[in-house]
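The sequence and structure are shown first.

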Amino acid sequence: MAVKKPSFEQAMGRLEEIVGLLERGECGLDQSLKLFEEGAKLAGQCEDLLDKAEQKVSLLLSGGEEVPFEEEDG
């Protein structure tokens, strides 16, 4: 069963939580590295979603045919 990626809003919310945890400095090194790794993955997913949205907006503004925006599963 494929794990569904979080929405942009969910990913950003989790990134904010991770930043808060890391800024407080209460986590040990191992936990901090795990949080950083999770944050990097979420940031990449957000970047991909933003790129897709930007492409759609550019296409719409250029008068191109509208293509429905769909998040990729997996």
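The largest nonpolar core consists of 6 residues: Ala11, Leu15, Ile18, Leu35, Leu42 and Cys46. A nonpolar core is here a set of buried Ala, Val, Leu, Ile, Met, Phe, Trp, Tyr and Cys residues joined through side-chain atoms within 4.5 Å. At least two residues of this core come from each of helix H1 (8-24) and helix H2 (29-61). The model is predicted: local features need pLDDT of at least 70, side-chain atom pairs count only at pLDDT 80 or more, and totals for chains, interfaces and linings use all residues. Residues are numbered from 1 along each chain as its sequence is written, and side-chain values use heavy atoms, with hydrogens and water left out.

The secondary structure of the protein amounts to 2 helices and 0 strands; helices (H or I, at least four residues) and strands (E, at least two) are DSSP runs, numbered from the N terminus.

The axes of H1 and H2 come within 9 Å and cross at roughly 150°; axes are lines fitted to C-alpha atoms, for helices over the stretch in contact, and angles run from 0 to 180 degrees between N-to-C directions. H1 is therefore roughly antiparallel to H2, a term applied to angles over 145 degrees. To this contact H1 contributes Phe8, Ala11, Met12, Arg14, Leu15, Ile18, Leu21 and Leu22, while H2 contributes Ser32, Leu35, Phe36, Glu38, Gly39, Leu42, Ala43, Cys46, Leu49 and Leu50. By class, the residues of the contact are 14 nonpolar, 2 polar and 2 charged; Ala, Val, Leu, Ile, Met, Phe, Trp, Tyr, Cys and Pro count as nonpolar, Asp, Glu, Lys and Arg as charged, and the others, Gly among them, as polar.

With neighbours within four places in sequence left aside, Cys46 is in contact (heavy atoms within 4.5 Å) with Phe8, Ala11, Met12 and Leu15. Gln45 belongs to helix H2 and Glu16 to helix H1. Their accessibilities are tabulated below.

| Residue | Relative accessible area | Class |
|---|---|---|
| Gln45 | 12% | buried |
| Glu16 | 59% | exposed |

Buried means under 20% relative accessible area, exposed over 50%, and partly exposed in between (1.4 Å probe, protein chains only). Of the 74 residues of the protein, 15% count as buried. Glu16 and Gly39, 23 residues apart in sequence, lie 9.1 Å apart in space, C-alpha to C-alpha.

Technical notes. Parallel < 35°, antiparallel > 145°, perpendicular 65-115°, else oblique.
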